[in-house]
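This briefing covers a pocket, a sheet and a helix of the structure shown below.

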Amino acid sequence: MADRLRVTELDFDTIKSNLKNFLRQQSYFTDYDFEGSGLNILLDILAYNTHYNAYYLNMVANESFMDTALLRSSVVSHAKLLNYTPHSAVAPQATLNFTVLAGTTTPGTMTIPAGYYFLSELIDGKSYNFVVNDDITVTKSNDAYYFENVTIYEGQRVSYVFNYDEGSNPKQIFVLPDSNVDTNTLKVVVSPSSTSSITTRYNVVTDILDVESTSEVFFLEENLSGKYQIYFGDDVVGKKLPDGAVITASYVVTNGAAANKANNFIALQSLTDTLGSTYSNFVIQPITSASGGSERESVDNVKFSAPSQFATQNRLVTFKDYETFILNSYPNIGSISVWGGEDNNPPVYGTVFVSMKPKNNYYLSEAEKQRIIDEIITPKAIVSTKCIIRDPAYLYLVLENEVQYNPNKTTDTEESLINIIRNSILSYSNANLNKFSAKFVLSKLQDVIDSSQSNSIIGSKTNVRVQKRFLPSLAETKTYVVEFNVRLHRGGINDRMISSQFDVLDALGVRRTVSLEEIQGSYTGISSIAVTNPGTGYLTTPTVTITGDGIGATAEAVIVNGAIESIKITNRGINYSRAIVTIKDTGSGYGATAVATIDSRYGVIRTIYYDSNAQKQIVNSEVGTIDYDTGVVTINAIKILSVSTTDNYLRLSFESDKGIITTARDTIITIDEEDPVSIVTKLEVSYN
């Protein structure tokens, strides 16, 4: 009996081969020449048909699940079941003060109409249109009209009018024809008929629990063609439209993230006040640059966000609730970190802290922060919980590379090779750093450097420094606390802390350009001993022994009511980097333990300059301290007059204490691409 036809292989060649094998097992085709016959064409058709059907069924099965779906329409359809609407493109927003100089004090009012536009400065050779999305009316003050804190949106404001016919459109669905609509700017106004002058503003549904049968609301969703559409209630959930109603939908069509950072604007349209006077003499003062713009949500983001958003159940309780909801509602965020006030230092109970890094910048503007709190967080958060948005704390890496290479194994010049190494380092940074909870691993970075030109690079060595930057208050006496949030390396003569230069007045009132210098301690003795367990039963003073890699440290225990109350240091000793405290008693006492604190984990910094003879001069011998364990540098009561850097930030940098750097909460590890000294590579020729 012939074998059955194999059906497990689904590619074309294998299907055709299986068909031939099956036919050869039949007595009619034992010696048949399939390749040279007309039957070969029929086998091709059968194989193609089987292959097409297998592919189609496989794709249908894939599209049935969100995890495996490839088509945007399928993913959006699955997300709809989770009550998730993918976010649209978002228009960048800017804030400005707009003054119209009238020249007369005659009382009057003026309105900037919705759709009034401004042109931005050139960004990459292109100017962008910014519009007002609502009418704004002010009264003349003295001889001018002052429009303060005006919010403008990048894009074109458009309006569409839809006529509702219940017979032809029973589901009350109206499609917005533009692809790059910013749904956050969408305004829907309904009139009961084309002859009525009554209009009602309808609001988009954000929480179905708030919708009643008479609620004047509309629903928003993305349809199968990728366009957004609105629809209305049925008198059970939301008010139903009357037959013949006229719906006007207005919104901004935007270019997304392209116009972020626009900061200067001009107005080309004149304005007319209620007195009939027309003006074109304007003063425009930017308050915040354009920010918050982003592209429409991608398929991959929808797959990630929809289940997470469903899990939050439209409320903000856990950390993940905040992260998911904010990322969905404000897509310009590149990375986010959320922690409770009980985990803050110092603790602030009843508070949630949020730190966010925007996609194309270091910090959010104050206007963006307030908008996120007012429009996104507060409506969904627990009433008794306060939210504070904290700027990310950036820890910059400064890399000094020494690379050996064989010039006979490459056609690249030294300059080209240095650029290749730099680009490889920046690729590593973009992939692994620039986000919260990232980890820097020196060994992995060196692998990246060595493999950037594997034929010619023999090996490399990288020295890593961690750098913090802060903006001093010039001409003001102030104490600065700089938190690195990582363990710092205690410097010696050749690897001390480095600081940028700044100007101060010395003791005689002479202006000096100084820098901060880390002082290497002349001794590293025991600074204190803390009792961690007082023990019990001590009738006589026990013996306290200090062992470690230093010499000379001694201490005595103080006994109160049979327990060790404290341990007094009688000799600090020298050259300790580690120390163990042992307590022994010849009597009946037991259980006491203690821990030693070593001076080597603390340092002193001073301000210095070099005179005309290149001799070091000290301005302040003890201007601050360094806690190497906690990574906190304190600069006490200093009056900084000016800073030598072009951005006016004062920089402090230490050698990394370890080859692996991790951070917590609001700290982001990054490499400044704009800083020419952040990556320095020295090449050494070797023919080995």
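The second largest pocket holds about 1200 Å³ of space. On a 1 Å grid over the protein atoms alone, a pocket is an open set of points where a 1.4 Å probe fits, with protein on both sides within 12 Å along at least five of seven lines; lining residues have an atom within 4 Å of a point. The model is predicted: local features need pLDDT of at least 70 and side-chain atom pairs pLDDT 80 or more, while totals for chains, interfaces and linings use all residues. Residues are numbered from 1 along each chain, and side-chain values use heavy atoms, without hydrogens and water.

- Of the 39 lining residues, Tyr394, Gln467, Lys468, Arg469 and Phe470 are the closest to the centre of the pocket.
- Strands (DSSP E runs of at least two residues) that give two or more residues to this lining include E21 (393-405), E23 (457-470) and E24 (477-483).
- The lining comprises 16 nonpolar, nine polar and 14 charged residues, with Gly counted as polar.

**Sheet**
- An open antiparallel sheet of seven strands runs in the order E24-E36-E35-E34-E27-E26-E37; strands pair if DSSP finds at least two bridges between them.
- E24 and E37 (642-643) are the edge strands, each pairing on one side only.
- Six bridges link E24 to E36 (residues 632-639), and Val482 stands opposite Val633 in E36.

**Helix H1**
- Helices are DSSP H or I runs of at least four residues; H1 covers residues 12-24.
- Buried residues (under 20% relative accessible area, 1.4 Å probe, protein chains only) of H1 include Phe12, Ile15 and Leu19.

Key. Grid points are joined across faces, edges and corners, and a volume is the space filled by probe spheres set on the points. The expected span of a helix is 1.5 Å times one less than its number of residues. Buried means under 20% relative accessible area, exposed over 50%, partly exposed in between (1.4 Å probe, protein chains only).
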